[in-house]
Amino acid sequence: MATMLWLQTGACSGDTMSLLNAHGPSLESLVANGDIQVLWHPSISTEPTSHLAKLIEQIEKGERELDILCVEGSLITGPYGTGMFDSFRGRAKIDIVRALAGQAQAVLAVGSCAAFGGIPAAPPNPTDCTGMQFTRDTAGGMFDTAWRSKSGMPVINLGGCPTHPLTITRTLAMLAQGLPVELDAHNRPTAFFNQMVHQGCTRNEYHEYDVEDTELGGRACMFFNLGCQGPTTMANCNSELWNQRSSKTRAGVPCFGCTSPNFPKNGDLFRTEKMGEVPVTLPLGVSRGHYMAYKNLAQAAAPMRVRDKKMDT
């Protein structure tokens, strides 16, 4: 049984809400099956915070083993590097995270805030937030690039705002069962970040034939005008549906790219920046030359059912 301690730093609790919605496996089943022992979670534990203080002390002294440290929320380093904008019992939480991470076998940054800084680290970033081992897409955050947990792994980044519930519990299960966790260039588990949001999107055929929406509430592709970042974002939102039934694009909301290191983008989330008729940022793996040739042909080849936007979305 792997011990797990969950700390919140500069967080809105969104990732905790996501965790509690996981169903395959659920956190309850991981506990009931003996995979995970929750030493502390701010929304689950019934003990007073004095219990957390005692746990922190024991782990720091090496009197209690910690297998998995989960950190939810951006790491607040202000003011002036003290971290005292976010403290626990008079001690900066960034110092507590540093101390516990040094004793843990594995460290999870749950959510884009903990992984990359997220919304709190967006300009002007008044509280000097950063991610655990990345600052947006730059390697090096609260920890430098060489930092490793006791098991020899960097911080495992579970990007998302919030992280998909199954990404959280399945990563916990893999670690608890001693399974290898392969990571991508941004330290995200490849098992859950190996495809684009675009893949599985019910509006794919509109995208392929360049049939575009210009206003929210339509049935066509939202990439060309409405800021959708599905073709440039690695996440499993359309293959592992949220609440087993939907996703943002299926609900008619553009993908905001919340699993990406540079989330949120510096600009209007509902508008696609373009040069002429061509988006500034193209789908992953597509060259500008090929895209322009494709775009000129796609609309002409669109079948009537696509042009008339009669497909289900």
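Four aromatic pairs turn up in this structure, which is a predicted model. Let me take two of them.

Start with Phe143 and Trp147. Their ring centres sit 4.5 Å apart, and the planes meet at 10°, so this pair is stacked. Are these residues buried or exposed? Phe143 has a relative accessible area of 7%, so it is buried. Trp147 comes out at 14%, and that counts as buried too.

Now the second pair, Phe223 and Phe224. This one is edge-to-face. The centres are 5.3 Å apart, with 75° between the planes. Phe223 is buried, at 3% relative accessible area. Phe224 is buried as well, at 1%.

Next, a serine. Where is Ser74? Look in the loop between β3 (66-72) and β4 (75-76). Its relative accessibility is 0%, so Ser74 counts as buried. The side chain of Ser74 reaches the backbone oxygen of Thr130, at 3.3 Å. What else does Ser74 touch, leaving aside neighbours within four places in sequence? Contacts include Thr9 and Gly10, then Cys113, Ala114 and Gly117. Pro120, Cys129 and Thr130 are also in contact with Ser74.

Last stop, the surface. Which residues form a nonpolar patch there? Met17, Leu20 and Ile44. Together they have about 240 Å² of accessible area. Ile44 lies in the loop between β2 (36-40) and α3 (49-60). Its relative accessible area is 35%. Buried means under 20% and exposed means over 50%, so a value in between counts as partly exposed. Ile44 is therefore partly exposed.

That's the tour. Questions, please.

How values were computed:
Residues numbered from 1 in each chain as written. Predicted model: local features only at pLDDT ≥ 70, side-chain atom pairs only at ≥ 80, totals over all residues. Heavy atoms only, no water. Patch = residues over 30% accessible without salt bridge, like charges linked within 9 Å, V, L, I, M, F, W, Y side chains within 5 Å. Areas by Shrake-Rupley, 256 points an atom, 1.4 Å probe, with all protein chains shown as cover. Salt bridge = Lys/Arg side-chain N within 4 Å of Asp/Glu carboxyl O. Helix = DSSP H or I, 4+ residues; strand = E, 2+ residues; numbered from the N terminus. Buried < 20%, exposed > 50% of the residue type's maximum accessible area, 1.4 Å probe, protein only. Polar contact = N/O pair within 3.5 Å; in protein donor to acceptor, adjacent residues only side chain to side chain. Contact = heavy atoms within 4.5 Å. Phe/Tyr/Trp six-rings, centres within 6.5 Å; stacked < 30°, edge-to-face > 60°.
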